[in-house]
Amino acid sequence: MSRLFIFFLLIYALLVPMTSLEAQGSTLRGRVVDTRDSAITDAEIYVVKGEQRTLSDVKGNFRLAGVTGQLVLLGIRKVGYYPVADLVATNTSQEILVVLE
C-alpha cells in the first residue's frame, strides 16, 4: 500500500468517531418550578429553531437529549405562565433551573 493511502486511512479512522460523538449531542437536565418553588408538570422545553423538545414530569424535572452546539436557546412554556427563553451552555453538567411566573 502506498504511504498516502495509509495516511488518509489513519485520518479517516481518527475523524469518524469524533464526528459521530458530535452528532449525538449533549443531554440537558433541569427542573421547572413556579415562583413558590412548586414543580410545574407538563411544561414544554424545546430548542428554539431546533427539533428537540420534551415535557417536564410531575416533579418538574426534564431531560433534553441530542442537543448540538456549544450554546443553545431554550424555550420553556406552559399554559397559564409567561413563556421564558434562556441561553444555555451545552457543555455543563449543572442542572438548569427554570422559574415560570
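A: A residue is called buried when its relative accessible area is under 20%, exposed when that area is over 50%, and partly exposed in between, with a 1.4 Å probe and with protein chains only taken into account. The model is a predicted one, in which local features need pLDDT of at least 70 and side-chain atom pairs count only at pLDDT 80 or more, while totals for chains, interfaces and linings use all residues. Residues are numbered from 1 along each chain as its sequence is written, and side-chain values rest on heavy atoms, with hydrogens and water left out.

Strands here are DSSP runs of E with at least two residues, and helices are runs of H or I with at least four, both numbered from the N terminus; two strands are said to pair if DSSP finds at least two bridges between them. On that basis, three strands form an open sheet in the order β4-β1-β7, with mixed pairing. Its edge strands are β4 (61-67) and β7 (96-100), each of which pairs on one side only. Neighbouring strands of this sheet are turned by 30° against each other on average, direction ignored, where the axes are lines fitted to C-alpha atoms (for helices, over the stretch in contact) and angles between N-to-C directions run from 0 to 180 degrees.

Within this sheet, β1 and β4 run antiparallel and are joined by five bridges, and L28 stands opposite L64 in β4. Contact means heavy atoms within 4.5 Å, and T27, once its neighbours within four places in sequence are set aside, is in contact with R63, L64 and A65. T27 is classed as partly exposed because its relative accessible area is 28%.

T90 sits in the loop between β6 and β7 and touches S26, L28, V67, G69, Q70 and V72, residues up to four places away in sequence not being counted.

A further four strands form an open sheet in the order β3-β2-β5-β6, and here the pairing is antiparallel. The edges are β3 and β6, each pairing on one side only, and neighbouring strands of this sheet are turned against each other by 25° on average, direction ignored. Three bridges join the antiparallel strands β2 and β3, and the bridge partner of E44 in β3 is L55.

The loop between β2 and β3 (53-55) holds K49, a residue with a positive phi of about 60° although it is not a glycine. K49 counts as exposed because its relative accessibility is 86%. Another non-glycine residue with positive phi, of about 65°, is D37, which lies in the loop between β1 (26-34) and β2 (44-47).

At the edge strand β6, L87 has its place among residues 84-89, and L87 is exposed because its relative accessible area is 56%. Together with L71 and L73, L87 makes a nonpolar surface patch of about 300 Å². Accessible areas come from the Shrake-Rupley method with a 1.4 Å probe, and for residues only the protein chains shown count as cover. Patches are made of residues with over 30% relative accessible area and no salt bridge, like charges being joined within 9 Å and nonpolar side chains (Val, Leu, Ile, Met, Phe, Trp, Tyr) within 5 Å; a salt bridge is a side-chain nitrogen of Lys or Arg within 4 Å of a carboxyl oxygen of Asp or Glu.
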